[in-house]
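Dear colleague,

Please find below the structure for your records. My notes on it follow directly after.

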Amino acid sequence: MELAGKRIVVTGGARGIGEELVAAFVHEGAAVVSLDVLADAGRQIAAAANKAGPGTAEFLVCDVASRAEVNAAIDEAVRLLGGLDALVHVAGITHQIDTEDLTEEQWDRVFDVNVKGTLFTNQAAVRHLKASGGRILDFASGAGLIGYPRQSHYAASKGAVVAFVRSVAREWGKYGITVNAICPAMWTPMYEEARARRSPEELAAHDEERKASMCIDGRMGDTQRDLAPFMVFMVGAGSRFISGQTLVVDGGRTFTR
Ligand SMILES: NC(=O)c1ccc[n+]([C@@H]2O[C@H](COP(=O)([O-])OP(=O)(O)OC[C@H]3O[C@@H](n4cnc5c(N)ncnc54)[C@H](O)[C@@H]3O)[C@@H](O)[C@H]2O)c1
């Protein structure tokens with residue numbers, strides 16, 4: 001039980017990577033509060049993790065793009081947990097569209113969730129973490145490092161997350177808070193949706209590219225096997241000297257510095 005006694009807020013805990021992390025942290029003995037806009041799925045996943053134990057899980061509805069909802073949900077989460085040791089901010093959105101056709105509304109929605117959501121959740125968490133230090137892990141993307149065609153708004157938003165993380169790691173180190181960006185490549189509903197929008201030819205080309213570029217397996221990873229153990233380490237005591245980093249967990253597809 002690597003996380004016994006740890007109190008963790010996970011955003012985006014109703015699906016994909018966040019869902020798996022709620023289960024993994026509880027499996028390691030942590031007390032988790034999961035936040036998401038998907039109320040039914042979020043509640044079910046927290047209830048299942050809670051039942052499996054040995055840690056605990058609860059769920060609160062929260063749109064990370066709303067400062068008021070984030071402040072209320074994180075304050076309530078900290079009350080339920082009796083304090084806070086880590087924020088794992090996973091929630092994010094994307095969709096594929098040619099940049100020539102991208103509307104201001106589409107750009108703004110992606111920035112509201114991915115960039116403002118990072119600011120709001122991090123600000124709300126730091127108020128509780130600063131007394132005794134802790135961990136913030138913000139989900140960025142390889143899109144923000146190498147650029148993805150037809151996702152320029154998403155790539156720009158995730159590039160912003162990387163720059164934000166580097167900045168607040170410098171600001172909040174004085175409180176004993178580490179802040180890192182995670183760039184995953186996992187097979188999740190978000191990835192399934194992106195695959196479903198591709199033509200058979202585009203999909204074949206995409207799979208060929210992944211086969212060639214991902215040193216390990218040549219395909220997207222499995223969150224439980226390939227990301228969760230790393231995240232358990234990152235919220236635990238062993239990562240206290242790692243901060244401001246862009247940590248790419250993508251089977252060796254993207255090399256960064
Ligand atoms: N899957 C990958 O390979 C991959 C690659 C790069 C980056 N990422 C990033 O990792 C994170 C998780 O990705 P995923 O594949 O699990 O995605 P997903 O779409 O499967 O899950 C995202 C979760 O975030 C929640 N969410 C979305 N908007 C929200 C909002 N406004 N407020 C609260 N919750 C909200 C969704 O309801 C969902 O439960 C995202 O930030 C994504 O950009 C994923």
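I begin with a residue in a loop. The model is a predicted one, and in it Cys-215 touches Gly-251 and Gly-252, leaving aside residues up to four places away in sequence. Cys-215 sits in the loop that joins α8 (200–213) and α9 (223–235). This residue counts as exposed because it has 11 C-beta neighbours inside 10 Å, and the cut-off for exposed is 12 or fewer. Between Cys-215 and Asp-63 there are 36 Å, C-alpha to C-alpha, and the two are 152 residues apart in sequence.

Helix α3 (residues 67–81) packs with helix α4 (residues 104–129) at an angle of about 35°, and their axes are 9 Å apart. The crossing of α3 past α4 is right-handed. On the α3 side, the residues that meet α4 are Arg-67, Val-70, Asn-71, Ile-74 and Val-78; on the α4 side, they are Phe-120, Thr-121, Ala-124, Ala-125 and His-128. By class, the residues of this contact comprise six nonpolar, three polar and one charged.

Finally, I turn to the ligand. It is surrounded by 31 residues, of which the closest are Gly-12, Arg-15, Gly-16, Gly-92 and Thr-188. The elements that contribute two or more residues to this shell are α1 (16–27), β6 (177–184) and α7 (189–196). The shell around the ligand consists of 20 nonpolar, eight polar and three charged residues.

With kind regards

Methods:
Residues numbered from 1 in each chain as written. Predicted model: local features only at pLDDT ≥ 70, side-chain atom pairs only at ≥ 80, totals over all residues. Near = placed C-beta within 6 Å. Helix = DSSP H or I, 4+ residues; strand = E, 2+ residues; numbered from the N terminus. Nonpolar A, V, L, I, M, F, W, Y, C, P; charged D, E, K, R; others polar. Buried ≥ 20, exposed ≤ 12 C-beta atoms within 10 Å, placed from the backbone. Contact = placed C-beta atoms within 7 Å. Axes fitted to C-alpha atoms, helices over the stretch in contact; angles between N-to-C directions. Left-handed = near helix turned anticlockwise from the far one by under 90°.
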